[in-house]
Structure formats: C-alpha cells, structure tokens
Amino acid sequence: MSVLAAVLDPYLRDWLDLLLRTLHVIAAIAWIGTSFYFVLLDQSLRPPKEAADADAGVRGELWEVHGGGFYRVQKYQVAPRVLPDHLAWFKWEAYTTWLSGFGLMVVLYYLDARAYLIDPQVADLEPWAAVALSAGLLVAAWVVYDLLCRFVRDDRVLGAAIVVLVVLASWGATQLFSPRAAFLQVGAMLGTVMAANVLFVIIPAQWELIRAKQAGREPDPAPGIEGKRRSVHNNYLTLPVLLAMLGGHFAFLYGHDHVWLVLVALMALGAWTRVFYNLRHGGRTLWWIPAIGAVGVLALAFAIRPDDSGSSGATVPFADVAPVVEQRCAACHATNPTQEGFSSPPAGIVLETPAQIAALADEIRTVVASRAMPLGNVTGMTDAERDRVVAWVDQGASTE
C-alpha cells in the first residue's frame, strides 16, 4: 500500500468513492445526453420553410414536441446577424465528468496502485511507475489524436487510424496494468480525448464565433466546422467509453485470457450501435446494423464462455477450501476487514461462514479462475490454491 493510501482513512476513502462516483455518473449522463441530442438535432434538420429565415442565415430547423408543448429549433449556417442576450452553453458536463472521473482514478487506483493498478504477473511495476504510466498515457492519447486530426483531413483515413490506435491502446494497457485497471485505463484515455476536444477545440470555436460578432467582423466558419467534426467524434466514442468502464465491473470479461480482444470487441459493439442511431436520425433506418450487432454480442458471449466441464480429479473436501478462503479472501471479505484500505467488505460480500461461501461458489470460481481476485493478488493466492477452489466448485461446492 502506498504512503498516501495509508494516511487516508479507509472510511474517508469510501465516502470519497461514493461522492465522486455519484458526481461522475450524474455529469456523464448530462454530457452523453447532450451529445446524443445535438447529433440527433443536426441529423434531423430540414431546410427552413420561410424565406425570411433562409435570408437571415438559417441553415436548417426542426420542430419538436416534448413536455406538453412544441419547440422550434433553428441552426444558423455560421452565426445570427445579431447575438442574442442569452446563450446556453454545454461544457461543464464534460469538464465535471472528466474531473470527477480522474478523481475516482486517484482515490481507487492511484492511492493503492499495488492492489488495484498493478498485477505482478502482468508487469511487476513499482506503484510510482504504474501511476506515472497511467497518467502519461492519458496525455499521450490526446496529443496523438489531436495531431492526427490536424494532419489527416480525410475522415475515412482518420477513422481507420483511430481504430488502430484504440486497438494498440487496449493491447498495451493489458501488458502494463491489471486486467480490470486496463479496462478503466482505456476508457479514461478515450474520455480524456473527448473532454479535451471540448476544452481545446469545440468551446474555443464557439468563442471565436461570438468574438467575431462582437467585433463586427464576419466569423470564420473553419473553427466551427472543426468543432462539429470533433463533436461527432465524441458522439461515436461515448458508448465505447461507457462499455469499457462498465466492463471493468465484470470478472468474466476482464478475466479472460485474451482480455484486450474482449475490450476491443465491447467498444466496437458500442460504436456500431451509434452508427445505427446516427443514420436513423438522418432518415435511414437500416435494421441489418442492429442484427449484426446482436450476432456480435452472441458471438462474444459464446467465445468467452468459461469451461464448465467440471473436475474429474480427486474429490476436494470443503475442509481443504475453507483455509484458502480464510487466508486469501476473508481479509477483505469480512464483516470487519483486516486488509489495509478497506473499512467494509467490497460489494458487501462476506465470506466468513460455510453457508456464505457456498452461496457464492459460482462467483468465487469465476474470479479465482480468471485471476481477477484477490486484487493484485495481495494475499498471495497460489495456482495450486486456485485449482483447489475451482475443483471444489465444479464438484458441487459441498460444505459437508
């Protein structure tokens, strides 16, 4: 455990986890919601029906009904002739999502890197090195992506390059960090790209439009066009980021031998889903797209299905399993954990009695066989002990 983690009271860490996670989820919902809405809006715009609107620079409009009333939304080709008195901005959702997410990384992964970020069987890193690599990769993700956007103007070539980089990032993260942390790392790298797009490209483009109008000069449309381009990129990245973050909560995903391929497949399915909806918003409903997505989900589920053939070896009695659970698992999963950094059992799971252990036998098998637990193997579970637990579950998980 790091010095900082030792200083920070475990109960305080639990509260920081709760508060930051709540803020992160709320902000992310708002950010993703606006991303989905504005892409829908752009895809659904129709030419203005009134000549006066077209003469005023309106590029398109959309009539909407919601909340018991009608709305008429108009988008200008560049900017209105006169700035309105009030403008609604959409930026704090992005900033708050990233700041709260990074705060969660610090509290949950950086402060106790040896347990959460590092897996010695993947890469035996010192905590400071693992944290530096993780933070450095967040910055590198934005720098490489931004350079690509500036020098590659063909969106088809750019899209292919981004896919290649995401695959490389997924593979690289699984060679440096624990499998669960690798999911989070890749999601955080893409989330950093999205937030930086807002901070460094989209919002400055909007300010350029405003300042031009305030100065009485014709706005340059180029920054706005680039801002729209980055906004569309963000839209396609939303679901890959979401699935990468959620996937880190499921051991059957991040515990697979080819974890990076599982992560890439999940993110690809997320992006594929956005393709369907973005085309649908533009008036093209192609049902073969979700059909292929459904086949992809089934194929992934089949490909990573654990081997449940059962153990054919010697019978493993519960008496041989109980000491393993007590020594390797119950340090955290106890009513009063003895493992540093825990004030309560993770996920509320307590493994102190035979009944509690037997009730969660299948879940225990999954996390033990996949090496997802113990976290960072801080309690030193051996391969022989893992085999013993798996065999006991496969033989029926009897406590007799």
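The legends below describe an overview and several close-up views of one predicted model.

**Figure 1. Overview of the predicted protein model.** Residues are numbered from 1 along each chain as its sequence is written, and side-chain values use heavy atoms, with hydrogens and water left out. Because this is a predicted model, local features need pLDDT of at least 70 and side-chain atom pairs count only at pLDDT 80 or more, while totals for chains, interfaces and linings use all residues. The secondary structure comes to 16 helices and two strands, where helices (H or I, at least four residues) and strands (E, at least two) are DSSP runs numbered from the N terminus. The C-alpha trace spans about 85 × 50 × 45 Å along its principal axes. Of the 400 residues of the protein, 43% count as buried; buried means under 20% relative accessible area, exposed over 50%, and partly exposed in between, with a 1.4 Å probe and protein chains only. The protein exposes about 21,500 Å², of which carbon and sulfur atoms supply 65%, the areas coming from the Shrake-Rupley method with a 1.4 Å probe, and for residues only the protein chains shown count as cover. Among contacts (heavy atoms within 4.5 Å) between residues at least 6 apart in sequence, 66% join residues at least 24 apart.

**Figure 2. Salt bridges around Glu-226.** The structure holds 18 salt bridges, each defined as a side-chain nitrogen of Lys or Arg within 4 Å of a carboxyl oxygen of Asp or Glu. One of them joins the side chains of Arg-153 and Glu-226, at 3.0 Å from N to O. This pair links distant parts of the chain, since Arg-153 lies in the loop between α6 (127-151) and α7 (155-176) whereas Glu-226 lies in helix α9 (residues 221-247), 73 residues apart. Glu-226, which counts as buried at 14% relative accessibility, also meets Arg-229 in a salt bridge of 3.4 Å, N to O. Glu-226 and Arg-229 both lie in helix α9, three residues apart, about one turn of the helix, and both are buried.

Figure 3. The closest N and O atoms of Glu-385 and Arg-328 are 3.0 Å apart. Glu-385 lies in helix α16 and Arg-328 in helix α13 (residues 318-329), so the pair ties together parts that are 57 residues apart in sequence. Glu-385 counts as buried at 9% relative accessibility, and Arg-328 counts as buried at 18%. Salt bridges that share partners join Asp-146, Arg-150, Arg-153, Asp-155, Glu-226, Arg-229 and Arg-230 into one network.

Figure 4. A search of the whole structure finds 15 aromatic pairs; rings of Phe, Tyr and Trp (its six-membered ring) pair if their centres lie within 6.5 Å, with planes under 30 degrees apart counted as stacked, over 60 as edge-to-face and the rest as tilted. The rings of Tyr-109 and Tyr-116 have their centres 5.9 Å apart and their planes at 65°, so this pair is edge-to-face; Tyr-109 counts as buried at 9% relative accessibility, and Tyr-116 is buried with a relative accessible area of 16%. Phe-276 and Tyr-277 also form an edge-to-face pair, because their ring centres are 5.1 Å apart and their planes are at 75°. Phe-276 is buried at 7% relative accessibility, whereas Tyr-277, at 37%, is partly exposed. Ring pairs also link Tyr-37, Phe-38 and Phe-90 into a cluster. The charged end of Arg-274 sits over the ring of Phe-36, 3.9 Å from its centre, and Lys-91 lies over the face of Trp-89, at 5.0 Å from the ring centre. A charge sits over a ring if NZ of Lys or CZ of Arg is within 6 Å of the ring centre and within 35 degrees of the ring normal.

Figure 5. Most residues other than glycine have a negative phi, and most peptide bonds are trans. A cis peptide bond, with omega about -5°, joins Met-373 and Pro-374, and Pro-374 is found in the loop between α15 (361-369) and α16 (383-394). Arg-371 lies in the loop between α15 and α16 and has a positive phi near 70°; at 28% relative accessibility, Arg-371 counts as partly exposed. Ala-397, in the segment after α16, has a positive phi of about 55° although it is not a glycine, and is buried with a relative accessible area of 14%.
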